[in-house]
Each structure stands twice: as structure tokens, then as C-alpha cells.
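Here are my notes on the model you sent over. Have the structure open while you read, and take the points in order.

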Amino acid sequence: MPEFDPSATGAPVTAQRMVDAGFREMANAAPVIVWVTNPSGYCVYLNKRWHEYTGQTPEQAEGYGWLDATHPDDKAEAERIFLDANARQAAFRLEYRLRGADGVFRWAIDLASPNFGADGAYLGYVGSVIDIQDRKAAEQSLAESEERLRLATENADVGFWDVDVVRDRLIWPSRVKAMFGISPDAPVSMTDFYEGLHADDRERTAAAFAAAIDPMQRALYDVEYRTVGKEDGRVRWVAAKGRGLFDEGGNCVRVAGTAVDITARLKAEDALQASEARYQALFEAIDAGFCVVEVDPDAFGGRADYRVVEANPAFYTHTGFDRGVFGKWLREAVPELEERWFETYAHVARTGEVVRFEQGSDHLGRWFDVHAFPTGSRDRNRIAILFNDISARRNAEMQLRALNDTLEARIEEALSQRELLAIIVERTEDPMQILDRNYRWLAFNSACARDYKDLYGKAPTVGQSLHDLLADKPADLAEALAVWSRALGGEAFTQIAEFGDPALQRRGYEMKFEILRDADGEQIGAFLMGRDVTQKLEAETRLKAAEEQLRQSQKMEAMGQLTGGVAHDFNNLLTPIIGTLDRMQSRGVGDPREQRLIAGALHSADRAKTLVQRLLAFARRQPLQPVAVDIAKLVTGMADLISSTTGPQIRVVVEADEALPTATADPNQIEMALLNLSVNARDAMPTGGVLRLSATAETIGVDGPGGLPGGDYIRLSVADTGVGMDAATQARAIEPFFSTKGVGKGTGLGLSMAHGLASQLGGALTIRSKLGLGTNVELWLPVSGAEPPVPAARPVADPSGARGVVMLVDDEEAVRFTTAEMLADLGYEVIEMSSAEEALRQARLGRKFDLLVTDHLMPGMNGTDLAQELRNERPHLPVLLVSGYAEFEGVAPDLVRLAKPFIKDELAERLAEVDPPRNSRSTGA
């Protein structure tokens with residue numbers, strides 16, 4: 001701003017002339033601010049109103065000091081406009097915010113005109129300042145009100161129209177244009193209005209409009225008419241209302257009003273009329289509800305009652321009554337029925353009057369169109385009732401009436417709902433945002449700002465573009481543009497995706513995009529409603545994993561059940577085979593060649609027995625004898641056997657601390673499992689390598705390897721440096737009969753057996769493997785804490801002499817026969833029974849025996865229950881329980897068990913445990 005030079009030619013004289021005493025007195029009396037400048041723009045005078053309004057002193061305000069009272073955001077622009085106008089010596093008009101004496105800024109308008117002398121010389125400005133704060137507030141309020149009205153009418157399906165009668169100009173928004181089949185952006189005129197009217201409605205509609213603009217009538221323009229779409233040719237029904245606006249001379253200058261498309265409503269009315277016609281047809285065909293009732297006008301001391309004596313099927317359908325009401329008095333049969341029904345029918349019976357009425361029943365929840373009239377002789381008090389269920393029609397009429405009666409109220413309600421909606425949107429936890437077609441934010445709620453801050457470290461501002469906000473995050477920007485470009489391209493859709501800077505956090509959102517349009521239907525942006533579904537997605541992921549684990553568990557359980565059943569049957573088949581071959585071998589049956597054949601057969605049967613044991617181990621039904629086992633001693637003791645089995649190309653390394661605690665295990669089964677795992681390791685190292693056996697003590701927390709619960713375990717590891725397994729092979733490694741060794745080179749049961757063994761012992765089996773590096777199979781066994789048992793002296797059977805009577809129970813004849821022969825060889829007299837029920841019956845009939853040898857699983861009663869029943873009667877009865885399918889849950893621990901298949905020596909060993917030698921035979925059952 002240039003400084004004022006008081007010595008400039010003519011300036012002091014001009015200023016003095018413009019602000020002489022007379023001018024000051026007039027200016028100070030003015031109700032507005034008055035100011036004067038010299039030709040350079042220097043303010044030489046401001047009237048008293050300026051100083052009162054702003055609180056500035058003359059010294060502060062004159063010159064260019066008046067600018068200091070201007071709002072900081074408006075100061076630069078105000079100065080520019082003023083200097084530019086002064087340079088052009090032109091009038092100007094300027095709106096800016098002016099600080100009052102109270103420090104509050106208010107809007108003001110500054111109007112100034114250039115002042116020229118008689119000789120045409122420019123003397124400066126004379127201007128005035130007027131407070132327009134109230135006008136500004138009113139304009140803002142009006143704009144907000146118009147916007148609310150626009151939103152309300154859009155949601156109320158109401159279109160506005162405005163006719164400028166003076167200029168013959170028609171204003172239709174897109175909604176009204178649509179009622180005349182005209183595109184939103186097409187121009188319209190009164191010609192379009194009249195030509196768009198149906199020919200049959202044009203004359204009366206034009207007459208109604210003429211009456212509305214007639215100064216003498218000034219009638220309400222209220223008419224329903226049909227339109228024929230200009231572009232689509234469709235016929236629509238429109239209800240229009242409006243009033244004319246007249247000037248002081250009585251001339252109509254404008255007509256404004258509303259229009260509603262009532263095509264659907266009239267179609268509904270037509271449908272209603274058709275429905276009534278159908279009801280009439282049904283009535284004529286006796287498809288309507290029909291009944292004859294007998295009325296007792298004074299059944300209950302003046303209160304009427306009636307009962308149905310005739311009725312068609314539709315009567316029950318329409319009323320919902322049970323057919324049991326027939327012939328019963330209704331007050332007793334349907335006590336909830338309203339009193340008005342009884343009163344109406346009693347009136348017909350008394351007067352003989354024919355009545356037709358519509359009436360509803362709260363109890364039945366229905367409305368009926370009823371025609372009641374007397375029938376038969378008057379003394380019988382019978383009337384016929386013909387009726388239809390009109391509930392649907394009544395509801396439609398009530399809804400239509402409510403729609404017409406409450407239109408204005410609904411508009412007001414919509415406005416208040418909009419305000420309430422704004423509060424709800426702001427306070428909801430779901431992020432919401434609107435972008436225009438240039439990717440600039442038009443609006444967003446606080447939840448949206450919060451999420452942007454959490455995900456990207458910064459929140460957007462209204463007017464900011466998405467490109468600017470995420471300019472420093474190109475990957476995140478690309479993610480956001482991928483969805484917003486679809487929405488801003490005109491697509492409404494729902495999508496679930498993850499967003500966020502990985503360095504901060506990522507969240508999953510369910511996003512619903514909607515198109516945002518203006519009043520003419522043009523897209524101006526897109527609206528996004530989001531919902532944070534991060535936890536839901538994580539839960540779904542966990543659920544899928546759990547379902548997959550469950551499927552695998554169910555699969556393995558089913559295979560285990562199948563395998564266990566097959567193994568049980570095999571044991572039953574092997575028992576007579578092995579028993580017979582053993583007896584033949586022990587008796588030396590045949591020549592040397594036949595003896596070799598018997599030995600070979602027995603060897604093959606033993607191999608089959610081992611295979612069945614592996615099947616039972618996989619099925620978790622292998623008979624186990626878990627004890628406290630010194631794992632370090634067991635592993636060290638197997639080193640030589642494993643070395644000889646794997647061959648000279650494999651270096652066997654054993655690592656086991658002698659101070660390891662004992663583990664709960666079956667030593668025989670553990671040895672078999674280690675041997676199988678070692679053979680698998682050898683086969684995985686065809687060119688040689690290192691096989692490492694190690695045992696360590698481990699303490700694990702919750703959710704340990706293989707799903708183990710927390711606790712103390714011994715980890716028994718068999719690791720090789722072989723070819724390893726890929727992920728697909730590793731996933732199937734413990735499946736029974738799955739093998740990668742080729743046909744005839746393995747049973748595919750080694751790992752599955754080890755897995756079943758570990759599970760039975762309360763532990764787990766885990767596998768870690770990588771192609772080209774090797775495989776590590778780990779058996780996790782629970783720590784026992786007890787000392788290993790000291791081997792007891794093995795009892796030896798004494799077959800000499802008579803041992804007593806054995807009751808032998810087995811449902812398999814071959815197994816029973818072979819076992820009976822073994823028992824006979826051992827000196828026993830044998831009573832054979834094919835079922836537990838028969839054995840129990842014989843015992844209770846007095847059959848004498850000294851010892852019970854019974855199969856465990858049999859049809860009907862099992863061997864365990866048989867033993868319990870007999871021991872209830874003979875507590876000290878010796879019992880040997882035999883099974884090839886060791887389901888021993890619930891079996892008393894004092895019952896000695898023998899697993900199928902077995903040979904005579906094994907049977908003798910078990911019998912020596914339960915039946916010590918005696919010198920006398922049994923004398924009672």
C-alpha cells in the first residue's frame with residue numbers, strides 16, 4: 001500500500017474541500033458508515049459511525065489503517081479490489097468481514113463511487129459501509145432450508161413445478177420431467193406440458209389451470225390427469241396441486257405447485273375393484289363364506305347367542321374356526337369373539353331386517369364384508385350370512401388413505417428425520433464418506449476420519465482429493481482408487497477388502513458403494529458406507545482352519561474304526577491258524593520237509609500278527625501296557641539293532657541324557673515304533689547319510705505341538721539327512737497304507753502306527769521335513785515321574801496232571817476249537833460256550849468249572865460283563881480275558897488279558913498268572 005503524501009499537488013485542498021464542517025455534520029448524522037479518500041486512495045475521513053462500530057480512533061483508521069479492522073482472511077482481497085478500482089477510478093462493491101468494537105467480526109458491504117471535480121479531475125472516493133450480517137445469516141439459512149426441502153421431496157416422491165406467467169417460462173426438475181417421459185437434461189416449455197397431456201384430459205386440465213391464474217377466481221389448481229411420455233410413449237397418471245401468485249395489480253405472475261405420479265396408486269385401485277368383482281363371482285358360486293345360524297336373542301339375560309347349523313368349507317377357511325364349533329353356542333365355543341357380532345345378528349333375527357356391513361374382528365385378525373338376512377320361519381330365529389374376507393382390501397384402503405392424508409406431515413417428518421439422520425451418521429461407529437467425481441471429499445463422519453488416521457497416519461479434509469492425501473503412499477492409493485473408480489464410474493456394488501499401511505495396521509472392511517446424484521439425476525459422486533469386519537474375517541479364517549482340522553480328525557477316526565475292525569477280524573482268523581501251526585510244530589508233526597513248511601507258515605503268520613498289531617496301533621486299539629519307561633536306556637539299548645538294520649552306509653548317532661525322567665509308554669511298542677521310523681529314515685537315504693536318535697525333556701505351554709496340552713514331556717526324535725518330503729506328501733504321511741516306496745516295498749503303516757501309539761499314550765507325533773534336507777519325526781511322550789518297574793520272575797506253566805475245568809466262551813467256532821485244544825494240552829477239561837448269555841445260564845444252572853476264559857467282544861453280552869456277573873456270585877473266580885480288539889475301557893484292572901492271536905506258551909503264561917496249580921478239582925459252580 002503506497003504511503004500518503006500530504007504535499008502531493010492538489011491533495012490537501014481536495015481533502016479539505018470534501019470534509020469541511022458541513023459535510024462532517026451530515027456524514028455523522030447518517031445511519032451508516034461514510035468515508036472519503038483522496039486521489040491516491042488515502043482515507044482522509046471516516047464518520048463517527050465507523051469509530052463507534054470498529055472501536056478505532058481517527059489516527060488508527062485514516063490512511064490505510066481501516067484495513068486493520070478487516071478480517072485477516074479478507075484483508076488481502078479487499079486491499080486488491082480497492083487499489084484496482086482506485087487505479088481505474090471506477091465504482092466498486094466489496095463484501096468483507098469487519099471487526100466490531102467487541103472484537104466480533106460481522107459481514108459488511110462497502111459501496112463507493114469516484115468523485116470528480118468540475119474540471120473532470122479525479123478527487124477520490126466517497127463511500128459507505130453497511131452491516132449485512134443478518135442478511136448473510138438469512139441467506140445461509142435459506143440455502144440450508146432449500147437443500148433440506150430438496151432432499152425431503154426427493155425421498156417423498158414429490159416433484160415441484162413453477163410457471164413464470166409473465167415470461168412464459170416453465171421450470172420442471174427431473175422428477176416432473178420423468179412424469180412426462182422427458183429426459184432430465186431436456187429443455188421444457190408450456191407447449192411440452194399441453195402436448196404431453198392425454199387428449200381426453202387436456203381440456204379439463206387446461207380449464208383448471210386457467211381458473212388458477214384468473215384474478216377473479218384464483219382457484220386452487222387441483223387436478224388428476226394422464227400424460228403420454230414424449231420420449232417413451234408411456235401413459236402415466238399424475239396428481240397436481242398448485243396456486244397462482246398475483247401482483248399488486250391483481251395480475252397472476254407465477255403459478256407453483258407439486259406433482260405426484262399416482263400411476264401405481266390407481267393401478268392398485270383398479271386391482272382392488274377387480275378383487276371385489278372376483279369376490280362377487282365367488283359369492284355367486286357359493287365359494288364365499290356362507291352359514292346359517294340359529295339365534296337365541298335372550299340366551300344370557302338379554303345377551304344374545306348363536307350357533308352354526310349350516311356352513312360351507314369357505315366359512316371355516318375365512319373365519320379360521322375349527323370345525324368343532326359346528327352346532328355349539330359361540331359364546332362357549334369362541335368366548336373371545338367380540339360382542340358386536342352377537343348384537344348385530346340378534347338385531348336381524350328380531351327385526352327381520354336385511355343388513356350389509358363391513359366389520360373387523362380383533363380376535364380373528366380379519367375384516368369381513370357381511371350380508372345377513374332372515375331365512376326360514378321367523379319363530380325359528382334363523383338367519384343366513386354370506387361374507388368375504390376383505391382384510392387385504394381394507395389394509396390397502398387404510399394405507400392409501402394414510403398416504404393421502406399425511407403427505408404434508410410426512411414431508412415435515414422427513415425434514416426432521418434428515419436432521420436426526422445427520423446426527424446418527426456422525427455418531428455411528430461405521431465409517432461413511434462421499435467423494436465427488438474428481439475424487440475430492442464432499443463429506444465424511446468422525447468414524448471415517450478416525451479410521452484414516454489409524455490406517456494411514458492422517459485424516460482427510462473436506463475438499464481434499466484422495467490423490468493428495470495418499471500421494472506419499474502409492475500402493476495404498478492404488479488400492480483405494482481400484483474401488484472408488486468403479487463407484488465414480490457409475491457402479492453400485494458391495495465388496496470386502498483389506499486396507500491400510502502395513503507399517504501401521506491393516507483392517508478388513510465390508511464396503512457398500514452407492515451412486516450420488518443431483519436433483520436432475522446426474523451423478524455427482526459416490527457414497528461409501530463401510531463396516532469394519534476385521535474380527536469377522538479373522539474368525540472366519542480360524543473357523544475354516546478348525547473345520548479343516550475337524551475334517552481331518554473325522555477322516556482319521558473313520559479310517560481308524562475301519563482299520564480296527566479289520567484288525568479284529570484278522571486276529572480272530574490268525575488265532576486258530578497260529579495256534580494250530582504252533583501245536584503241529586511243538587508235536588513234531590511230519591517229516592523234516594513238512595516241518596520246514598510248518599515253520600515257514602508259522603513265520604508268515606507271525607508277520608501277519610505284527611501287521612495286525614500295527615493296524616491296531618494306528619486305530620489306537622492295540623493293547624498297551626503303559627508303564628514308567630527309561631527312554632534314555634531304551635534308545636541306547638536299541639543302537640546296535642538299528643545300526644545293523646540300517647546298514648553300513650548309514651551312520652547312527654544316539655543322543656540321550658541318562659538323567660532323563662521316565663516316560664509313560666509301552667516299551668515293546670516304542671521299540672517297534674523306533675525300528676519302523678529308523679527303517680523309513682534308511683529308505684530316505686539311498687546313498688547313505690546320518691540317522692540321529694535323540695531324547696530330551698521338554699516343558700511346553702498351552703497349545704503345544706500336535707495340539708498337546710501344557711505339561712512335561714519326553715521328546716523322542718528320529719532325524720535323517722535324506723531326500724525329505726514336500727508339503728503334499730507330509731500332509732498325507734500318517735495316512736494308513738500311504739507310501740512313497742513303491743509297490744511291495746512297504747506297508748504304509750509305520751508312521752500311522754507311531755501316530756496311533758503316541759495318541760494312545762496321551763502324547764503326539766509331529767513331522768518336520770524339507771525337500772533335499774531331510775526329515776525329523778518326533779514322538780512326544782508324557783513324563784511319568786515313577787521309577788521303571790523291576791522285571792518279575794516269569795511264571796512257568798506246568799502242563800502235568802489235571803488242572804481243573806475251564807469254561808471257554810467265544811463266538812468264533814474256529815478260535816474256540818483251537819483254544820480248547822491248547823487248554824486240553826495244558827491239562828484242562830474244557831466246557832465250550834458260544835455266547836456269554838449261554839455261559840451265564842449254564843453257570844446259574846449249576847454247571848461246575850474252576851476257571852473262566854472268555855472272549856471280550858461278542859454279540860450281545862461281552863466277556864467283561866460276563867466276568868463281572870459271575871464274580872458277583874463267585875468273587876474269587878479266576879478269569880482270563882481274551883480279545884483281538886482291545887477295547888478295554890471300563891474293564892477292572894485285576895482282570896488278566898491275553899491278546900489274539902496267541903500260541904500255547906503265551907496262553908500258559910497268562911493262565912499261570914490267574915490259575916496257580918491246585919491239587920483238587922472244583923466241587924461247585
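Predicted model: local features only at pLDDT ≥ 70, side-chain atom pairs only at ≥ 80, totals over all residues.

1. The protein has 29 helices and 32 strands. Of its 925 residues, 42% are buried. If you take contacts between residues at least 6 apart in sequence, 57% of them join residues at least 24 apart.

2. Now Asp720, which sits in strand S25 (residues 711-720). Is Asp720 buried or exposed? With a relative accessibility of 10%, it counts as buried, because the cut-off for that is under 20%. Leaving out residues up to four places away in sequence, Asp720 touches Ala681, Ala684, Met685, Val690, Leu773, Gly774 and Thr775. Take Ala681: 39 residues separate it from Asp720 in sequence, yet their C-alpha atoms are 5.7 Å apart.

3. Thr819 is another one to click on. You'll find it in helix H26 (residues 813-825), and its 5% relative accessibility makes it buried.

4. Next, helix H27 (residues 836-844). Which of its residues are buried? They are Ala836, Ala839, Leu840, Gln842 and Ala843. Looking down the axis of H27, these fall within an arc of 165°, so they line one face of the helix. What does that set pack against? The partners are strand S28 (804-809), strand S29 (828-833) and H28. Just past the end of H27, Gly846 has a positive phi of about 105°.

5. H28 covers residues 863-873, and the two helices pack at an angle of about 10° with their axes 10 Å apart. Angles under 35 degrees count as roughly parallel, and H27 and H28 are therefore roughly parallel to each other. On the H27 side the contact uses Ala836, Ala839, Leu840, Ala843 and Arg844, and these meet Leu866, Glu869, Leu870 and Glu873 of H28. Sorted by class, that contact has 6 nonpolar residues, 3 charged ones and no polar ones.

6. On to the aromatics. How many aromatic pairs does the structure hold? There are 32. One of them is Phe368 with Phe387, an edge-to-face pair at 5.7 Å centre to centre and 85° between the planes. Phe368 belongs to strand S14 (residues 366-374) and Phe387 to strand S15 (residues 382-389), so the pair ties together parts 19 residues apart in sequence. Phe368 is buried at a relative accessible area of 3%, and Phe387 is buried too, at 4%.

7. A second pair to look at is Tyr452 with Tyr456, which is tilted: 5.7 Å centre to centre and 40° between the planes. Both sit in helix H16 (residues 446-456), and being 4 residues apart they are separated by about one helical turn. Tyr452 and Tyr456 are both buried.

8. Last, go back to Phe368 and Phe387 and look around them. They belong to one aromatic cluster along with Tyr306, Phe315, Tyr316, Phe321, Trp341, Phe342, Tyr345 and Phe357.

How values were computed:
Residues numbered from 1 in each chain as written. Heavy atoms only, no water. Axes fitted to C-alpha atoms, helices over the stretch in contact; angles between N-to-C directions. Parallel < 35°, antiparallel > 145°, perpendicular 65-115°, else oblique. Contact = heavy atoms within 4.5 Å. Nonpolar A, V, L, I, M, F, W, Y, C, P; charged D, E, K, R; others polar. Buried < 20%, exposed > 50% of the residue type's maximum accessible area, 1.4 Å probe, protein only. Arc of directions from axis to C-beta. Phe/Tyr/Trp six-rings, centres within 6.5 Å; stacked < 30°, edge-to-face > 60°.
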